[in-house]
Amino acid sequence: MVPFEQIADDLRIRIRAGQLAPGDKLPSARELAATQGVAPNTASRALRLLVDEGWATSRGPVGTFVSDSIPEGDEPLTLAAVAQRVAELSRTVADLQRKIDGT
């Protein structure tokens, strides 16, 4: 597992355990970088992953916060699953565009 995924997993575990509740502010990328011993970009990537998966919401310069409702299920969404879903949606959009264009 790459470092940003490990950081995201650690935060997911804290959210599921109730250590971080809905609405709580997550550590900043700089804070995570310092405590986890990684580059700020790596920490930022972990936070973006949580936002993309629905675990957190970004409020711009204010920070990143635990979502009011976290994703259901035992297993967190993986990057591969997100990429697959994006590819499926892209094909659907392309199909719809062809129908609109009459081709």
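Colleague: Which residue takes a positive phi just after α2?

Modeller: That's G37, with a phi of about 70 degrees. Keep in mind that this is a predicted model, where local features need pLDDT of at least 70, side-chain atom pairs count only at pLDDT 80 or more, and totals for chains, interfaces and linings use all residues. Residues are numbered from 1 along each chain as its sequence is written, and side-chain values use heavy atoms, with hydrogens and water left out.

Colleague: OK, and what follows α3?

Modeller: G54 does, and its phi is positive too, near 95 degrees.

Colleague: Back up a bit. How many helices and strands are there?

Modeller: Four helices and two strands, in the order α-α-α-β-β-α along the sequence. Helices (H or I, at least four residues) and strands (E, at least two) are DSSP runs, numbered from the N terminus.

Colleague: Why call it more spread out than a compact globule?

Modeller: Because its radius of gyration is 17 Å, well over the 13 Å that the globule rule gives for 103 residues. That radius is taken over C-alpha atoms, and the rule is 2.2 Å times the number of residues to the power 0.38. The C-alpha trace spans about 55 × 30 × 25 Å along the principal axes.

Colleague: Where is confidence lowest, and where is it highest?

Modeller: Helix α4 (residues 79-101) is lowest with a mean of 83, and strand β2 (residues 64-66) is highest at 97. For the protein, the mean pLDDT (the predictor's confidence in each residue, from 0 to 100) is 89, and 91% of residues reach 70 or more.

Colleague: Let's talk packing. Which residues of α2 are buried?

Modeller: A29, L32 and A33. Buried means under 20% relative accessible area, exposed over 50%, and partly exposed in between (1.4 Å probe, protein chains only). Down the axis of α2, those buried residues fall within an arc of 100 degrees, so they line one face of the helix. The arc is that of the directions from the helix axis to the C-beta atoms.

Colleague: What's on the face turned away from that buried side?

Modeller: R30, A34 and T35, which are exposed. The buried residues of α2 have α1 and α3 among their cover.

Colleague: And which residues are buried in α3?

Modeller: A43, A46, L47, L49, L50 and E53. They fall within an arc of 150 degrees seen down the axis of α3, so they line one face of that helix. Exposed N41 and D52 are on the face turned away from the buried side.

Colleague: How many residues are in the largest nonpolar core?

Modeller: It has 18, and L11, L20, L26, L32, L47 and L50 have the most contacts inside it. A core here is a set of buried Ala, Val, Leu, Ile, Met, Phe, Trp, Tyr and Cys residues joined through side-chain atoms within 4.5 Å. The elements giving two or more residues to this core are α1, α2 (29-36) and α3.

Colleague: What is L50 in contact with?

Modeller: Leaving aside neighbours within four places in sequence, L50 is in contact (heavy atoms within 4.5 Å) with A8, L11, R12, L26, W55 and A56.

Colleague: Last one: where is V2?

Modeller: V2 is in the segment before α1 (3-16), and at 38% relative accessibility it counts as partly exposed. V2 and T42 are 40 residues apart in sequence but 9.5 Å apart in space, C-alpha to C-alpha.
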